[in-house]
Amino acid sequence: MAAILTCLVKTFQWIPVLFINAVIIWSYYAYVVILCFESVQSVYERAVYLMFYHPFFVMLMISYWRTICTSSGFVPSQFFLSRADREALDNGDPKEVLEKVSRKLPVMTKTLSGAARYCDVCQAIKPDRCHHCSMCRKCILKMDHHCPWVNNCVGFTNYKFFLLFLFYAILYTLYVTGTVTKYFVAFWNNTLEGDGKLHILFLFFVALMFFISLWSLFGYHLYLTGNNKTTLESFRVPHFYYGPDKNGFSLGSVMKNAEQVLGLNRWYWFLPVYTSIGDGVRFPIINQPEEDSLLNAQHRWLEEGELDGHEDQQYENKEDSSANSLDVSTAELVNENEVETQMPNRARPDVVAVQEYEEVKDGTSTL
């Protein structure tokens, strides 16, 4: 029964995607067949309309389906707790165990209480900017939001495709609205020729409605990209090991922040190809305090496998140095005690002065 319900839920999740594709396919039929081949009488005008229409349509469909089909990524295996760590988590202090495990990983964000960010469902330490999606039932790298219109989480791996989908959808609807306006006016003047007048009427209103609604969403994500934020981070300020910082991941300029999503080569910015920088786990931070030098070693966790041994060796060296300092301090204390026992008992000068003053006051002084 549970399997059937799960299958039904997954089926219903594709309904918004089918609706969007149905609208796009219908708009193609209404524009190409009804408008261009039935209503447009000029061959030159028809050729120009079709020549500029198809690039927008193709880029829109590619960006949309790349957003849908691109995997949201996987959390590296190093972030998942081992069996021993899970047993220690169940039997010991959770905060202490998670802190010990996260110390070996390149994580700089914490919970509100200062503990390591941990996912109870996935049983893994959450990388920076990673969140668990209840719809996808897994942790998503640099999660922005779960979009029902693409039936996928928008995160690190497909955020660029999502931006391009919004961008080309705006260009597509703007182009359709602009070229259909002439024939929309002719429809109201009863001078429009052809049998598909209602298709042109609805095509104008649908394109205009999507154009207006998409602009607000696209503008908001342009703001997020320029500030190197996600939708979740705009509502909930990330907490770092040094405290909360709403601009903790910003690199200081709009172009540098945009390059993190769109890539370094600007010729590829408007192409639906993957060019985002990074691995979705580590992110550059310019507001990092200088006192934390341990992160420089943690950033090598993917290339080097000697971090654990190095930390253990440092811990042992610290213990040895502490023990040596303790021995030295003990030896010095013993020597001081011996010196004090060898010295004769003499009254302190300030005590002698007080006694002499009292004798003078009582008239018993021999001076």
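Biologist: In this predicted model, how far is the nearest side chain of opposite charge from the buried Lys126?

Modeller: A salt bridge needs a side-chain nitrogen of Lys or Arg within 4 Å of a carboxyl oxygen of Asp or Glu. Lys126 is buried yet has no such bridge, and Asp120, the nearest side chain of opposite charge, is 8.2 Å away.

Biologist: Where does Lys126 sit, then, between β3 and β4, and which residues does Lys126 touch?

Modeller: Lys126 belongs to the loop that links β3 (124-125) to β4 (131-133). Leaving aside residues up to four places away in sequence, Lys126 is in contact with Val107, Arg117, Tyr118, Cys119 and His132.

Biologist: How do I read the largest nonpolar core, and which residues have the most contacts inside it?

Modeller: Such a core is a set of buried nonpolar residues joined through side-chain atoms. Here the largest has 53 residues, with Tyr31, Tyr53, Val176 and Val180 having the most contacts inside it. Two or more residues come from each of α2 (15-39), α3 (43-69), α6, α7 and α9. The largest share, 17 residues, is that of α6. Val176 touches Tyr31, Tyr53, Leu203 and Ala207, not counting residues up to four places away in sequence. Another core, of 24 residues, lies apart from it and includes Leu98, Phe249, Val281 and Phe283.

Biologist: Against which helices do the buried residues of α9 pack?

Modeller: They pack against α6 (159-188) and α7 (197-226). The buried residues of α9 (residues 254-262) are Asn257, Ala258, Glu259, Gln260, Val261 and Leu262. Gly263 follows α9 and has a positive phi, near 105°.

How values were computed
Residues are numbered from 1 along each chain as its sequence is written. This is a predicted model: local features need pLDDT of at least 70, side-chain atom pairs count only at pLDDT 80 or more; totals for chains, interfaces and linings use all residues. Side-chain values use heavy atoms; hydrogens and water are left out. Helices (H or I, at least four residues) and strands (E, at least two) are DSSP runs, numbered from the N terminus. Buried means under 20% relative accessible area, exposed over 50%, partly exposed in between (1.4 Å probe, protein chains only). Lys and Arg count as positive and Asp and Glu as negative; His and the chain ends are not counted. Contact means heavy atoms within 4.5 Å. A nonpolar core is a set of buried Ala, Val, Leu, Ile, Met, Phe, Trp, Tyr and Cys residues joined through side-chain atoms within 4.5 Å.
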